[in-house]
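User: Could you take a close look at one part of this model for me? I'd like to hear about the place where the two chains meet, and then whatever else you can say about the surroundings.

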Amino acid sequence: MGFLNPRALRWKIAALAAAACCAVAAVVGFLVHDATRERGLRLGHDRTLTRLIAAEREFDRTGKAPADIDVRTRAELPEALARDLAERRPATDGGYATWYDVDPPNWYWMWGAAAVGDDRILVVREDMSAEVRSLQLLDRSIAKSVLAALVFVVPLAALATEPINRRLRHGARTARRIADGDLDARIGSAGRARDEITEMSAAVDDMAGALQQKLETERRFTADVAHELRTPLMGLVTAAGLLPDDDEATGLVRDRLRALNALVEDLLEISRLDAGVELARLDPVPLGELVADVVRRTGTDTRVDVGAAEEVETDPRRVERIVVNLVANAHRHGAGPVEVTVTGARIAVRDHGPGFPSDLLERGPQRFRTGASERGRGHGLGLTVAQGQSEVLGARLAFTNAPDGGALATLDLAPRPTA
Amino acid sequence: MTSNAQVGSVSEARGPAPVSVLVVEDDATIRRAVQLALERYGYRVDVAADGLDGLEAFRAGAHDLLILDVMLPELDGIGLCRRIREESPVPVLMMSARGDALDVVAGLEAGADDYVIKPVDTGVMVARIRALLRRATFRPDPEGPAAAGSSGRADHVLVFGDLSVDTLGMEVSRAGEPVSLTPTELRLLLEFAAAPGSVLDRRRLLREVWDYGWEGDTRVVDLCVLRLRKKIGSGRIETVRGFGYKLVRG
């Protein structure tokens, strides 16, 4: 969530504050505008009538209108004024007609008319532009104040959401860490705030706790089962060793026993890796020598090229586990020739089979899933073990398919560049 | 408690005196199967079913090597190993169903020379037994490197400060007092004595002393060094972080 993300919560809240600010300003502005306009009209109206009454008196006294007052016939009157005048009755309202003549932008006149004889009408025109001008000024200053307020309110609102944002971001980060396997991560409740975010954080923490407990129970169960299997398996392995060597049945028994043994060992190893108790024991290791020796001991037909190998600070027993599992996987699920190449601190194991299945490429090794059926049989723990061991080593194990076909697994033991 | 230690039959004994091994294991099948398997390799095998019986059987007969299970009733393998170490430097191989670091470390700290994890293939176990026995009967070549770099006195006595190592008589003494070392500890010390002052890495020690390849666990080296230090003085062998150990000359 970048600061500039327009959909971030902070900008939404800022927009909300701005909208509220504008709405309040619009209502208040409208009321003020209306009241001021009313008042201006009433003043103009009063001024017009005052002048009209004075002129009428003057006309009554002298028979002449003052110089600034027109005397017109009914036909010379503007139509609207004439209509208004026709409706006036001297008995009730003095017979004074008014008409506000507006033609924006700069024609604002208040007309007043009073009949003083047959077809002799006094006509007064009062300029209203001063009122209109001041009303426009008022509108403008209201708009300016609103803008000025927004300049403060929007950033203030954006800043005021920062603590909330920070808590939400912290929550999201923590949830992601839990999803990535850090089951000890908790959001926690910082500060004294008791709001919905605290409630959600507590709920997420509870969920993480329950998840952790469940996983731990499962892991312990796996470990216990595998562990309990070891004692009978030990008796079986030793007893099978006593069977006559030249019997075909002995071969079958021993072969399956080896498979069973490997499965139990893998299960135990995975539960240890899951428990996170495994620690790498680092030693300076000539990688080429190690890999060549390990591959030779697998007894498989595997080509090894360690020409460009380096000495690496690593745990050779774990590297051995990884390489043995990768090579075994290549032979079991891929097709020959299987090639192991060591370049610097990188070990590449490549076969010429159908390649890794797509869901392994996307999601990494999954327990007890070999993906596509054409990858053949196998319990699918070997690659999980390899992945787990490479994590203990702080190495990177990547599964890809070579451009010209075949699976390619690369173990990079070079220390991560420190940021 | 009745002793059910039994004496295994001698079969296919090679040479005049077969090597005798005591197996202490509570699981009856494993006990019997290991006994039968080792007898096929020509060892004379005694067995015991729990820790106290094991101790009794050990005291009753002179065994060349002991194989102890960690999980034993009455007295566990670690306690048994510790008791035996008080009396004898006989080679001890621990057999653990747990690969847990704690178990392995506890066994090695108690004085075991090596360990195997159940289930163990008979071939692998025999290889470990042979490596242990080779150490127990180890005699350095008088012309070899161990005897070469001598300083004063007889050629075969090496002196490092208050520590003297007689590479012919296979005797070690500290400030005149004899020091009792197990064959593995002695073999390790001789490895250091052959190259005093130079750093020996764990892998090399594991290969030379324990006969392991890359599959060996370097913790056995660390813990044996720890035990050796207790006996010959903690400053005698220095840790070189990230590499290994070296013997201090003076």
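**Where the chains meet**

Analyst: The contact draws 24 residues from chain B and 22 residues from chain A. On the chain B side, the elements that give two or more residues are helix H1 (28–40) and helix H8 (202–210) of chain B. H1(B) gives the most to that side, with 6 residues. Sorted by class, the side of chain B that touches chain A has 10 nonpolar, 5 polar and 9 charged residues. Bear in mind that this is a predicted model.

Now for chain B as a whole. Its 250 residues are 45% buried, and the chain holds 9 helices and 13 strands. Take the contacts in chain B with a separation of 6 or more: 58% of them come from residues 24 or more positions apart.

Over in chain A, let's look at helix H8 (residues 287–298). At 1.5 Å a residue, its 12 residues should span 16 Å, and the end C-alpha atoms sit 17 Å apart, which agrees. Buried in H8(A) are A:Leu287, A:Gly288, A:Leu290, A:Val291, A:Val294 and A:Val295. Looking down the axis of H8(A), the buried residues fall within an arc of 165°, so they line one face of the helix. What do they pack against? In chain A, the partners are strand S5 (283–286), strand S6 (302–309), strand S7 (311–314), helix H9 (316–333), strand S8 (338–344) and strand S9 (346–350). Just after H8(A) comes A:Gly299, with a positive phi of about 70°.

Definitions and conventions:
Residues are numbered from 1 along each chain as its sequence is written. Chains are lettered from A and ligands numbered from 1 in the order in which they are written. This is a predicted model: local features need pLDDT of at least 70, side-chain atom pairs count only at pLDDT 80 or more; totals for chains, interfaces and linings use all residues. Helices (H or I, at least four residues) and strands (E, at least two) are DSSP runs, numbered from the N terminus. The expected span of a helix is 1.5 Å times one less than its number of residues. A residue is buried if 20 or more other C-beta atoms lie within 10 Å of its own, exposed if 12 or fewer, and partly exposed in between; C-beta atoms are placed from the backbone. The arc is that of the directions from the helix axis to the C-beta atoms. Two residues are in contact if their C-beta atoms, placed from the backbone, lie within 7 Å. Ala, Val, Leu, Ile, Met, Phe, Trp, Tyr, Cys and Pro count as nonpolar, Asp, Glu, Lys and Arg as charged, and the others, Gly among them, as polar.
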